[in-house]
Amino acid sequence: MASAIVNVGPILGLDYVALRPAKPLKLNSGRIQIKTTRPQRLFSIRASDGDGSIGKTRLSDAECEAAVVAGNPPQAPPAPPKPAAPAGTPVVSSLPISRRPRRNRRSPSLRAAFQETSLSPANFVYPLFIHEGQDDAPIGAMPGCYRLGWRHGLVEEVAKARDVGVNSIVLFPKVPDALKNPTGDEAYNDNGLVPRTIRLLKDKYPDLVIYTDVALDPYSSDGHDGIVREDGVILNDETVHQLCKQAVSQARAGADVVSPSDMMDGRVGAIRTALDAEGFQHVSIMSYTAKYASSFYGPFREALDSNPRFGDKKTYQMNPANYREAMVEANEDESEGADILLVKPALPYLDIVRLLRDNSPLPIAAYQVSGEYSMIKAGGVLKMIDEEKVMMESLMCLRRAGADVILTYFALQAARTLCGEKR
């Protein structure tokens with residue numbers, strides 16, 4: 001028997017598919033009646049309710065269209081009334097403007113549809129402080145942050161981050177004072193705190209993306225990013241020699257991305273050459289391209305006890321007043337083989353983030369530093385701002401300015417917010 005499948009919708013709480021038969025069909029059930037009219041028309045199904053009454057007959061598409069053509073459209077709810085303005089609102093003529101940008105902002109759905117920038121846990125790199133101890137030590141100037149015991153507290157924190165989609169971290173060690181010296185030799189100890197930690201994490205989480213910091217200040221008895229001459233001058237090329245050994249040691253342990261933050265001239269090219277010579281062509285370099293001599297770093301230096309013993313870092317970190325100089329650094333780093341360009345600090349330097357974004361094809365990173373984090377935390381504690389909203393807005397602004405990835409101490413908290421968790 002020739003037939004066609006026709007979906008006739010739910011009947012008595014069930015979905016039925018009926019056939020358009022060439023000949024009439026008979027069903028044994030007395031609760032469903034099927035009749036056919038002309039061979040080419042859709043037969044109707046009438047379902048008997050429990051009380052024996054017959055349900056409304058469904059019309060074919062052709063019958064529905066014919067009713068509309070004949071001027072008998074089905075009824076629909078009326079248009080909602082225009083909301084009334086408050087008493088006292090002046091009566092004015094509409095402004096003679098054709099473009100009203102507010103039209104695209106008038107509902108949550110429209111705002112979501114036209115949103116130009118997105119924020120995801122995948123955009124975050126989580127900075128984590130580690131130390132040799134077994135207990136986690138709170139950092140007073142950074143509420144919610146700790147020096148994590150590398151064997152236990154760190155592993156637990158990484159697990160929490162991975163649970164909400166943050167799978168990239170960067171490690172910063174607090175090195176015992178007894179291991180520090182003027183040339184920072186502990187920086188390239190293959191069994192030092194950072195290499196041991198990398199090996200532990202890679203054993204536990206092989207797909208975890210581990211960034212490392214390449215600089216001498218955590219290891220230097222002078223607290224500077226490079227070797228200090230007796231007259232206070234920071235030696236450039238000698239420091240770069242040490243940094244190359246440090247980067248290779250970290251790569252040997254399993255680091256995915258080494259991140260020179262020292263701001264020595266020529267260090268990106270030298271590190272690239274050293275990595276390649278040791279067979280680590282796959283290891284990326286995230287260069288601290290535009291790292292400014294900023295006052296926003298204070299809480300970080302407390303966390304690592306790495307304040308310089310004398311002077312400041314203005315002879316190697318950039319002047320906060322300078323804009324064009326960032327392109328000089330970016331051009332050098334790009335030509336020397338950097339894979340990612342980083343701006344530090346972040347929010348006060350959105351113009352620099354945008355400058356690099358507009359002028360380089362490389363991924364751009366922004367470091368929301370400890371001072372930025374602590375100010376938002378303090379404002380939240382004092383009820384001066386809504387901490388969560390300001391946190392999320394600050395991160396979205398960095399993405400809007402052009403940052404592909406954001407190093408932020410808010411990584412776990414922000415990812416939980418994005419995932420809808422409240423903890």
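Contact here means heavy atoms within 4.5 Å. By that criterion, glutamine 246 is in contact with Ala187, Tyr188, Asp213, Val214, Ala215, Leu216 and Tyr219, leaving aside its neighbours within four places in sequence. The model is predicted. Glutamine 246 is found in helix α5, which covers residues 236-253. The relative accessible area of glutamine 246 is 0%. Glutamine 246 is therefore buried, since the cut-off for that class is under 20%.

The protein chain as a whole has 423 residues, and buried residues make up 45% of them. Its secondary structure comes to 12 helices and 16 strands. Among contacts between residues at least 6 apart in sequence, 69% join residues at least 24 apart.

Strand β7, residues 146-149, pairs with two other strands. With strand β5 (residues 124-131), the pairing is parallel and runs over three bridges. With strand β6 (residues 137-138), β7 pairs in the antiparallel sense over two bridges.

Not counting residues up to four places away in sequence, glycine 149 touches His131, Gly133, Gln134, Asp135, Asp136 and Leu154. One of these partners, aspartate 135, lies 14 residues from glycine 149 along the chain. The C-alpha atoms of glycine 149 and aspartate 135 are separated by 5.5 Å.

Two cysteines were examined for burial. Cysteine 145 has a relative accessibility of 9% and so counts as buried. Cysteine 244, at 13%, also counts as buried, because the class takes values under 20%. The structure holds zero disulfides.

Helix packing was then considered around α11, residues 387-401. Helix α11 packs against helix α12 (residues 411-418) at an angle of about 100°, and their axes are 11 Å apart. That angle makes α11 roughly perpendicular to α12, because values of 65 to 115 degrees fall in that class. On the α11 side, the contact is made by Glu387, Glu388, Met391, Met392 and Leu395. On the α12 side, the residues are Gln413, Ala414, Thr417 and Leu418. By class, this contact of α11 with α12 has five nonpolar, two polar and two charged residues.

Helix α11 has a further partner in helix α9, residues 350-359. Helices α9 and α11 pack at an angle of about 30°, with their axes 8 Å apart. Leu350, Val353, Arg354 and Arg357 are the residues of α9 that meet α11. Their counterparts in α11 are Cys397, Leu398, Arg400 and Ala401. By class, the contact of α9 with α11 has five nonpolar, no polar and three charged residues.

How values were computed. Residues numbered from 1 in each chain as written. Predicted model: local features only at pLDDT ≥ 70, side-chain atom pairs only at ≥ 80, totals over all residues. Heavy atoms only, no water. Axes fitted to C-alpha atoms, helices over the stretch in contact; angles between N-to-C directions. Helix = DSSP H or I, 4+ residues; strand = E, 2+ residues; numbered from the N terminus. Parallel < 35°, antiparallel > 145°, perpendicular 65-115°, else oblique. Nonpolar A, V, L, I, M, F, W, Y, C, P; charged D, E, K, R; others polar. Pairing = 2+ DSSP bridges. Disulfide = S-S within 2.5 Å. Buried < 20%, exposed > 50% of the residue type's maximum accessible area, 1.4 Å probe, protein only.
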